Amino acid sequence: MKSQLKKEVVDNMKHLGVYRDDFEHTVDIYVGMLAQYQAFEKQFEESGFKITGSYTNKAGATNERKTPIYTAMEALRKDLATYSNLLCLNPKTYERVKRPEVPVRKEEKEKPKSKLIQALSETS
């Protein structure tokens with residue numbers, strides 16, 4: 001599963017023209033987080049998309065709080081967004097690094113030499 005995810009990420013980066021071998025470690029971390037997120041998504045679905053659950057604290061009071069799976073998914077979403085920025089895998093960061101073609105400079109015409117330079121070159 002992770003190898004398939006990695007292939008997809010690398011293929012996407014190559015397609016966008018932002019892939020370099022130097023990014024392997026960062027890609028591996030990103031792919032690991034994607035795999036974790038997918039596993040949590042499956043568990044979250046199996047729980048009936050339960051966002052909160054009852055919790056009884058030491059004092060015996062029962063409160064509602066986010067489920068651990070949902071909390072982990074929230075944290076992973078933020079980390080995935082950060083890594084997708086690093087790898088230029090979202091439109092906002094891709095547009096920032098996408099460089100327009102460098103315009104070709106016009107050939108500059110040779111500037112006329114000053115009279116002083118002309119006079120000095122004639123005497124040499």
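Five salt bridges are counted in the structure, which is a predicted model. One of the salt bridges joins the side chains of Asp 11 and Lys 7, with an N to O distance of 2.8 Å. Both residues belong to helix 1, and because they are four residues apart there, about one helical turn separates them. Asp 11 is partly exposed at 35% relative accessibility, and Lys 7 is also partly exposed, with a relative accessible area of 47%.

A further salt bridge links Asp 22 with Arg 20, where the closest N and O atoms are 2.5 Å apart. Asp 22 has a relative accessible area of 56% and is therefore exposed, the cut-off for that class being over 50%. Arg 20, at 47%, is partly exposed. The side chains of Glu 74 and Lys 66 also meet in a salt bridge, at 3.0 Å from N to O. Glu 74 counts as partly exposed, with 24% relative accessibility, and Lys 66 falls in the partly exposed class with a relative accessible area of 41%.

The secondary structure consists of five helices and two strands. Read from the N terminus, the order of the elements is α-α-β-β-α-α-α. The radius of gyration is 29 Å, whereas the globule rule gives 14 Å for 124 residues; the computed value is well over the latter, so the protein is more spread out than a compact globule. The C-alpha trace spans about 105 × 35 × 20 Å along the principal axes. Of the 124 residues in the protein, 22% are buried. The accessible surface amounts to about 10,300 Å², and carbon and sulfur atoms account for 54% of this surface. When contacts between residues at least 6 apart in sequence are considered, 55% of them join residues at least 24 apart.

The largest nonpolar core contains 21 residues. Val 9, Met 13, Val 27, Tyr 30, Leu 34 and Leu 80 are the residues with the most contacts inside this core. Helix 1 (2-16), helix 2 and helix 3 are the elements that contribute two or more residues to the core. The contribution of helix 2, at eight residues, is the most from any element. For Val 27, when residues up to four places away in sequence are not counted, the residues touched are Lys 6, Val 9, Val 10, Met 13 and Leu 87. Among these contacts of Val 27, Val 9 and Met 13 are also listed with the most contacts inside the core.

Most residues other than glycine have a negative phi. Phe 49, which is not a glycine, has a positive phi of about 60°. Phe 49 is placed in the loop between helix 2 (24-46) and strand 1 (52-56). Cys 88 likewise has a positive phi, near 60°, and is a residue other than glycine. The loop that holds Cys 88 runs between helix 3 (68-86) and helix 4 (91-97). Cys 88 is buried, because its relative accessibility of 12% falls under the 20% cut-off.

Helix 4 also contains Lys 92. At 64% relative accessibility, Lys 92 counts as exposed. The C-alpha atoms of Lys 92 and Arg 77 are 16 Å apart in space, and the two residues are 15 residues apart in sequence.

Conventions:
Residues numbered from 1 in each chain as written. Predicted model: local features only at pLDDT ≥ 70, side-chain atom pairs only at ≥ 80, totals over all residues. Heavy atoms only, no water. Buried < 20%, exposed > 50% of the residue type's maximum accessible area, 1.4 Å probe, protein only. Core = buried A, V, L, I, M, F, W, Y, C linked by side-chain atoms within 4.5 Å. Contact = heavy atoms within 4.5 Å. Salt bridge = Lys/Arg side-chain N within 4 Å of Asp/Glu carboxyl O. Rg over C-alpha atoms; globule rule 2.2 N^0.38 Å. Areas by Shrake-Rupley, 256 points an atom, 1.4 Å probe, with all protein chains shown as cover.
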